[in-house]
Amino acid sequence: MTTTTEPTPTRSLTLGQARRAAVAAQGLDRPRPAPGTVTMAHLQRLIDRVGLLQIDSVNVVARAHLLPVFSRLGPYDVALLDRASGRAPRRLVEFWAHEASYVPPRTYQLLRWRMAAYRVRNHWGRELSHHPGLVEAVRDHVAEHGPITAGRLHTVLGHERGAKDNWGWNWTPAKHALEHLFEVGEIAAAHRTPQFERAYDLTERVLPPAVLAEPVPGRADAVRELVAIGARAHGVASIRCLADYFRLGTADARQAAAELVEEGVLEPVRVSGWQRPAYLHTAARLPWRTSARALLAPFDPLVFERRRLLELFGMHYRIGIYTPAADRTHGYYALPFLLGEHLVARVDVKADRAAGLLRVRAALAEDAGAVPGLVRAGGGAWPARGVVVENLAAELADLGAWLGLGAVVIDPDAHGDLLPELGRQLG
């Protein structure tokens, strides 16, 4: 089926409704479990809701996939995620989804078409062409000895690391072979080591048997299901948003959205101020108000799509780690602070594990005047400055305690207009 026209919107949403739908869809408005009571069932419900957790090695505060769970569940034992992704039956496996990500095993199977495309493209063909037979040898070794890390395999095969390139990589031929096999789906990450290194094993030994027994959907069906997962995680979304969640092509996302409208999964809507079609998931909630409070990682699903963030929340957001120091305006690792339905501040923080401190390096209030469709009274009102600072201090204290740090302190050279009030609140 090919659809060439955009579906006609059935109703209109204000930006406030769209914001609250987005916050609710991500589970950020739900009460957190009491500290010490978070279970695998809580984690599973979170995974079902957001669909994926982006992985990144940056550890300024905590690993990228750990922070979104804290934002939604509060203090929890990170061993839950290790168990979900590293022990059978796995609830999470790694692949290229929204960048490198943890996804449920069934979602991994929805990405088989991408693996087939990687096989044709063969990213590492040039490097591997100098080592005939290496891919087969690596596959055989993993089959016999997996799970095995790249570091261990280097030693076994006698490959020496070369000089690091501009990204800090110094991959051996064995690592190139492992990455090729990972991309085409022949091997998968069985777990991550404490040093965050993948341990590889055959995919059939990583995925749960029940998932392996199910037929793998064709590309069109898989893409439609991926768009449905992204739509549920967004609440309300444009085609650009839906394509971005799993890094799909715009044409594919548009076609899938049209089919999901016909199936009754999505509803075409107008969002005030958006100059493009939008889609509301039929399971989305449209609360009149929200009491959400969370510090969001730069890789949190709520902030994935930067244009969406600007148009919904009025925040122009860039990650400082990719910006030269002289050009940073909000710090190296600034976390947006969500309060109610608004992103009201940014705080640049660093976990100083050696000193046992959570260091605040910048704390800046957002400009309410830049927020589109701001309601000055009622459920979507911008919170008072004192309320922002009080809640930010409490959230920082919770974050520091979860990280096992003794105190939250403001660095002597910190900057930002919220620092005086925040310092008094932190005491």
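Where does Pro 89 lie? Pro 89 sits in the loop between α4 (79–86) and β3 (93–97), with helices (H or I, at least four residues) and strands (E, at least two) taken as DSSP runs and numbered from the N terminus. Before touring the rest, please keep in mind that this is a predicted model, where local features need pLDDT of at least 70, side-chain atom pairs count only at pLDDT 80 or more, and totals for chains, interfaces and linings use all residues. Residues are numbered from 1 along each chain as its sequence is written, and side-chain values use heavy atoms, with hydrogens and water left out.

**Confidence**

- The average pLDDT of the protein is 92, and 95% of the residues score at least 70; pLDDT is the predictor's confidence in each residue, from 0 to 100.
- Residues 163–169 call for some care: pLDDT stays under 50 there, and the model has four contacts beyond four places in sequence for this stretch, a contact being heavy atoms within 4.5 Å.

**Nonpolar cores**

- A nonpolar core is a set of buried Ala, Val, Leu, Ile, Met, Phe, Trp, Tyr and Cys residues joined through side-chain atoms within 4.5 Å. Buried means under 20% relative accessible area, exposed over 50%, and partly exposed in between (1.4 Å probe, protein chains only).
- The largest nonpolar core holds 112 residues, and Tyr 333, Val 347, Val 360 and Leu 396 touch the most other members. Helix α13 (residues 219–234) gives the most to this core, contributing eight residues.
- A second, separate core has 25 residues, including Val 269, Leu 302, Phe 313 and Met 315.
- Beyond its neighbours within four places in sequence, Tyr 333 is in contact with residues from several parts of the chain, among them Val 58, Leu 67, Phe 299, Ile 321, Val 347 and Arg 361.
- In soluble globular proteins, nonpolar side chains tend to be buried together.

**Helix α17**

- Helix α17 (residues 385–402) has 18 residues and spans 26 Å from its first C-alpha to its last. That is close to the 26 Å expected at 1.5 Å a residue, where the expected span is 1.5 Å times one less than the number of residues.
- The buried residues of α17 include Val 388, Leu 392, Leu 396, Leu 399 and Trp 402. Asn 391 and Glu 395 in α17 are buried too.
- After α17 comes Gly 404, with a positive phi near 75 degrees.

**Aromatic pairs and charges over rings**

- Rings of Phe, Tyr and Trp (its six-membered ring) pair if their centres lie within 6.5 Å; planes under 30 degrees apart count as stacked, over 60 as edge-to-face and the rest as tilted. By this rule the count is eight aromatic pairs.
- Tyr 245 and Phe 246 form an edge-to-face pair, because their ring centres are 5.8 Å apart and their planes stand at 75 degrees. Both of these residues are buried.
- Tyr 245 also pairs with Phe 304 in a tilted arrangement, at 5.6 Å centre to centre and 55 degrees between the planes. Tyr 245 lies in helix α14 (residues 239–245) and Phe 304 in the loop between β11 (293–295) and α16 (306–313), so this pair ties together parts that are 59 residues apart in sequence.
- Phe 95, Tyr 108, Tyr 118, Phe 182 and Tyr 200 are linked into a cluster by ring pairs.
- A charge sits over a ring if NZ of Lys or CZ of Arg is within 6 Å of the ring centre and within 35 degrees of the ring normal. The charged end of Arg 32 sits over the ring of Phe 70, 5.4 Å from its centre, and Arg 219 lies over the face of Trp 113, at 4.6 Å from the ring centre.

**Backbone features**

- Pro 89 is joined to Ala 88 by a cis peptide bond, with omega near -10 degrees.
- The peptide bond from Gly 146 to Pro 147 is cis as well, with omega near 0 degrees; Pro 147 belongs to the loop between α8 (134–145) and β5 (148–149).
- Glu 99 is not a glycine, yet has a positive phi of about 60 degrees. Glu 99 is in strand β4 (residues 99–103) and is partly exposed, with a relative accessible area of 34%.
- Arg 247, in the loop between α14 and α15 (250–262), has a positive phi near 55 degrees. Arg 247 counts as partly exposed, at 37% relative accessibility.
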